[in-house]
Amino acid sequence: MAGGGEKKSKANATGGGKKKEVKKETGLGLSYKKDENFGEWYSEVVVNGEMIEYYDISGCYIIRPWAMSIWETMQKFFDAEIKKMKIQNCYFPLFVSPTVLQKEKDHIEGFAPEVAWVTKSGESDLEVPIAIRPTSETVMYPYYSKWIRGHRDLPLKLNQWCNVVRWEFSNPTPFIRSREFLWQEGHTAFATKSEADDEVLQILELYRRIYEEFLAVPVIKGKKSELEKFAGGLYTTTVEAFIPNTGRGIQGATSHCLGRNFSKMFEIIFENEKGEKAMAWQNSWAYTTRTIGVMVMVHGDDKGLVLPPRVASVQVIVVPVPYKDADTQGIFDACTATVETLCEAGIRANMDSRDNYSPGWKYSHWEMKGVPLRIEIGPKDLAKNQVRAVRRDNGAKVDLPRSSLVERIKELLDEIQESLFVAAKQRRDACIQIVKTWDEFVEALGQRKMILAPWCDEEEVEKDVKARTKGEMGAAKTLCSPLEQPEIPEGTLCFASGKPAKRWSYWGRSY
């Protein structure tokens with residue numbers, strides 16, 4: 001429901017003295033079911049849940065406050081954590097010159113199809129077109145070269161919160177694949193590889209925490225294959241999520257070690273403690289507003305959004321339920337007092353006091369928006385000095401005495417957060433299948449599984465798997481090799497090539 005929930009019914013022009021009509025029919029139900037038409041369900045739920053609004057340029061979306069507040073919650077956590085690591089925030093321009101952009105050949109080849117260009121100013125053609133950043137390595141590193149001269153200038157650790165533009169043409173999807181999105185991007189430089197390696201994993205752990213502790217989405221920490229790693233980098237680590245309804249993996253966030261490739265191209269050279277010239281070791285790492293889309297896909301249901309309490313801008317919605325001849329004022333006063341009590345305790349609570357919508361309509365409205373907990377107060381609750389609490393995740397109802405309300409609400413919110421994660425992990429784990437042969441792999445892929453298979457770790461074999469599985473659903477590829485590797489028994493062969501297996505890797509289709 002794109003904003004309609006807050007509108008008041010129009011005054012009756014002919015019945016000035018009449019009582020205001022109360023709307024009972026909700027009109028809020030989704031047209032599509034998650035299990036039957038996932039794509040349409042997702043598009044509908046992010047709009048009706050007031051997360052996004054479609055824009056008049058394809059692939060661009062308006063992020064509404066209900067979603068922006070989730071981004072801000074994650075931003076607050078992550079920003080505080082990286083500052084503990086002595087990483088500083090900065091801001092670099094949106095525009096990139098062609099000369100700089102094309103300096104790192106592998107890097108620009110990876111992004112070339114997605115780069116948007118500014119070619120005109122008013123009616124005049126620009127003498128030299130200017131690119132809009134798809135990522136900022138080539139924007140920032142010429143200045144790292146200027147600022148880093150000696151070992152005392154290292155480490156240099158910067159992060160920026162900004163937008164980037166990647167002119168996607170295939171299947172734009174709100175939050176998941178868009179032409180402009182918000183992200184943070186960290187760019188760091190070190191004197192040694194060991195320092196860079198350590199930071200890669202520190203940042204990856206923060207990304208895991210964002211997904212698992214805040215969004216209640218289980219992820220696998222892993223390393224990308226040579227074919228799937230960041231263009232121009234040394235290696236890429238990832239937190240990989242999985243969407244059971246579609247049988248697709250989704251890259252949650254990445255932390256890259258760039259090695260010294262960019263240092264070589266951009267001459268980021270320093271004098272070490274021995275007085276020798278050396279190239280800096282670099283990392284880059286980022287997570288985006290895609291996180292929000294993954295959360296919606298994993299937790300949402302046929303009633304709408306289901307928000308984890310830690311990121312919900314409203315954790316508790318209080319709804320007055322007055323009946324005929326009831327003490328309406330007393331009920332409203334109790335609702336107001338309840339909200340005040342919860343807010344004073346640090347719980348994000350609000351009251352729906354609109355008098356032109358029925359309680360039932362309000363229930364549906366806030367269920368659509370995914371508020372974790374609803375409190376209802378009616379005449380019986382008022383008489384018993386209690387409230388009724390209803391969970392969004394499972395619909396469970398419980399009566400709570402107002403005397404211990406804060407403690408019980410905090411407990412319920414913690415239970416909901418944990419329950420969402422456990423349920424999501426159970427659904428994800430039920431989709432993981434271990435295979436050891438090509439036939440088993442093809443069967444599992446047809447069943448939309450997340451496949452764990454022994455692999456020889458050869459690029460040509462991965463290309464062959466992609467070619468052999470290409471079809472309407474898209475080709476299979478490596479999602480990641482888990483950092484925590486299961487044991488590979490001696491003599492284990494690659495599922496695809498029959499060569500000796502070097503590692504276990506997750507495979508599947510992906511977004």
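I looked up the largest cavity and found it lined by Val217, Pro218, Phe242, Pro244, Val298, Ala424, Arg427 and Arg428. A cavity here is a set of points on a 1 Å grid over the protein atoms alone where a 1.4 Å probe fits but cannot get out, and lining residues have an atom within 4 Å of a point. The model is predicted, so local features need pLDDT of at least 70 and side-chain atom pairs count only at pLDDT 80 or more, while totals for chains, interfaces and linings use all residues. Residues are numbered from 1 along each chain as its sequence is written, and side-chain values use heavy atoms, with hydrogens and water left out.

I noted about 40 Å³ of space in the largest cavity, volume being the space filled by probe spheres set on the points, which are joined across faces, edges and corners. The count is one cavity of 30 Å³ or more. Its lining has six nonpolar, no polar and two charged residues. I used these classes: Ala, Val, Leu, Ile, Met, Phe, Trp, Tyr, Cys and Pro are nonpolar, Asp, Glu, Lys and Arg are charged, and the others, Gly among them, are polar.

Which helix gives the most to this lining? Helix 12 (residues 405-430) does, with three residues. Helices (H or I, at least four residues) and strands (E, at least two) are DSSP runs, numbered from the N terminus.

Next I checked helix 9 (residues 328-344) against helix 12: their axes come within 10 Å and cross at roughly 65 degrees. That makes helix 9 roughly perpendicular to helix 12, a label for angles of 65 to 115 degrees. Axes are lines fitted to C-alpha atoms, for helices over the stretch in contact, and angles run from 0 to 180 degrees between N-to-C directions. Thr338, Thr341 and Leu342 in helix 9 meet Leu405, Val406 and Ile409 in helix 12, contact meaning heavy atoms within 4.5 Å.

I then took helix 1 (residues 38-48) and helix 8 (residues 290-299), which pack at about 115 degrees with axes 11 Å apart. Phe38, Trp41, Tyr42, Val45 and Val46 of helix 1 touch Gly293, Val296 and Met297 of helix 8.

Last, I looked at the backbone. Most residues other than glycine have a negative phi, and most peptide bonds are trans. Alanine 216 has a positive phi of about 60 degrees. A cis peptide bond joins leucine 154 and proline 155, with omega about -5 degrees.

Note on methods: 1 Å grid on protein atoms, 1.4 Å probe; cavity = no way out; pocket = protein on both sides within 12 Å on 5 of 7 lines; lining within 4 Å. Parallel < 35°, antiparallel > 145°, perpendicular 65-115°, else oblique.
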